[in-house]
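Biologist: I have a new model open on my screen. Could you help me learn to read it?

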Amino acid sequence: MQSVFKQKHWGNICCLSALLLFLASCGGGVRKNDGKDPVMGIPLQIAIETAQSKSYACGDTVPLSISVQKPSAQSDTLFLKADGQIIFRELVRLPYHYLWHSDTSGPGLHTLEASLSGGKTDVASVSVMLVSDIVPVQYTYEVVKTYPHDAHSYTQGLQYLQGFLYEGSGLYEHSRLRKVELQTGKVLKETKLAPEYFGEGITLFNSHIYQLTWKSGIGFVYDTSSFQEIGRFNYGTEGWGLTTDGTKLIMSDGSSTLFFFDKNFSFLGKVQVVDNKGPVDMLNELEYIDGLVFANVYQSNRIVQINPHNGKITGSMQMEGLLPRKDYVDDTDVLNGIAWDESGKRLFVTGKNWPRLFEIKLKRSSGRPRA
């Protein structure tokens with residue numbers, strides 16, 4: 001698995017000299033842009049007042065101040081949009097002060113766009129990050145029981161069903177799907193992926209097993225009993241983690257986004273995953289547990305608990321020290337792999353090339369939240 005770097009795209013500034021600016025994690029103030037309109041050469045004056053707040057969370061009111069220098073601008077209509085929806089329109093009376101009430105907006109990145117006369121020529125936009133308005137509950141763990149695990153299995157997906165584990169592993173030329181006996185770690189059934197595929201997350205859905213691949217944009221559907229491939233599906237991003245809430249599939253791609261698909265992998269929607277500090281990316285293996293999505297945060301010992309309806313992180317679990325150093329082998333890698341026994345209410349976790357799988361019980365941490 002590789003780190004994923006996202007680039008944010010900012011809207012083009014045309015003839016309109018209006019810009020909306022926000023403050024998500026640093027001190028407020030007034031910012032001006034002393035550039036010029038690329039077409040008319042008119043000086044631009046851009047100012048946003050945010051001095052009252054050091055950050056914005058869901059439900060906050062974001063103060064905006066728009067200044068425009070443009071001949072005949074006073075006869076134009078000013079439009080303000082949030083995520084493409086018009087939230088304000090009025091004949092220009094500038095400078096204009098507007099309070100954007102974010103109580104109906106979820107956490108994550110939002111685009112505010114100002115335009116004159118419908119935005120056919122003059123448009124300016126800015127992205128506003130709303131952090132979550134809740135502080136995640138901090139958890140630690142207690143080991144209930146330890147089970148054997150193949151130390152050469154680069155775990156990418158893990159699922160529990162009726163006393164057995166279903167595991168998807170990765171790496172080119174070594175990716176596979178397995179059915180494993182929980183108590184002994186014995187492999188009962190296995191199918192290998194073609195060498196050009198890097199296996200990723202798996203889940204059991206509609207009596208079938210779905211498996212992602214990393215960069216190929218191709219997923220596989222298997223018969224649960226025979227492991228015979230019965231279908232394929234495509235997606236337009238990287239495949240990392242996969243789970244289901246019983247009605248739809250939920251996928252991660254290494255960013256801070258969860259994607260939702262139907263059984264045919266037709267796109268249904270997405271949410272950005274955010275805590276009270278900002279987006280949390282590198283979301284990897286997923287497991288749906290009692291209405292929440294648990295996600296490994298790649299390259300860390302952290303598991304986060306996500307409300308899939310709005311993307312807010314409700315809990316954060318620190319797993320440091322779970323695998324004792326004495327059990328490390330040459331290619332022991334990071335924590336990855338979460339499975340849930342619904343009937344027995346048992347939580348299992350492991351890691352890439354770990355020789356152990358752990359049944360754990362979560363406990364609220366008595367310490368201070370970690371960064």
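**Reading the sheet**

Modeller: Let's start with an open sheet of eight strands in mixed pairing, ordered E20-E21-E22-E23-E7-E26-E25-E24. Its edge strands, each pairing on one side only, are E20 (283–289) and E24 (335–341). This is a predicted model, where local features need pLDDT of at least 70, side-chain atom pairs count only at pLDDT 80 or more, and totals for chains, interfaces and linings use all residues. Residues are numbered from 1 along each chain as its sequence is written, and side-chain values use heavy atoms, leaving out hydrogens and water.

Biologist: In what sense do strand E7 and strand E23 pair?

Modeller: Strands of a sheet pair through backbone hydrogen bonds, either parallel or antiparallel. Here, E7 (residues 137–148) and E23 (residues 313–318) pair in the parallel sense over three bridges. Strands are DSSP runs (E, at least two residues) numbered from the N terminus, and two of them pair if DSSP finds at least two bridges between them. Glutamine 138 has serine 316 in E23 as its bridge partner.

Biologist: Which residues have the most contacts inside the largest nonpolar core?

Modeller: In soluble globular proteins, nonpolar side chains tend to be buried together. The largest core here has 21 residues, and Leu258, Leu283, Val304 and Ile306 have the most contacts inside it. Strand E21 (292–297) is among the elements giving two or more residues; E21 gives the most, with three. A nonpolar core is a set of buried Ala, Val, Leu, Ile, Met, Phe, Trp, Tyr and Cys residues joined through side-chain atoms within 4.5 Å, where buried means under 20% relative accessible area with a 1.4 Å probe, protein chains only.

Technical notes: Helices (H or I, at least four residues) and strands (E, at least two) are DSSP runs, numbered from the N terminus. Buried means under 20% relative accessible area, exposed over 50%, partly exposed in between (1.4 Å probe, protein chains only).
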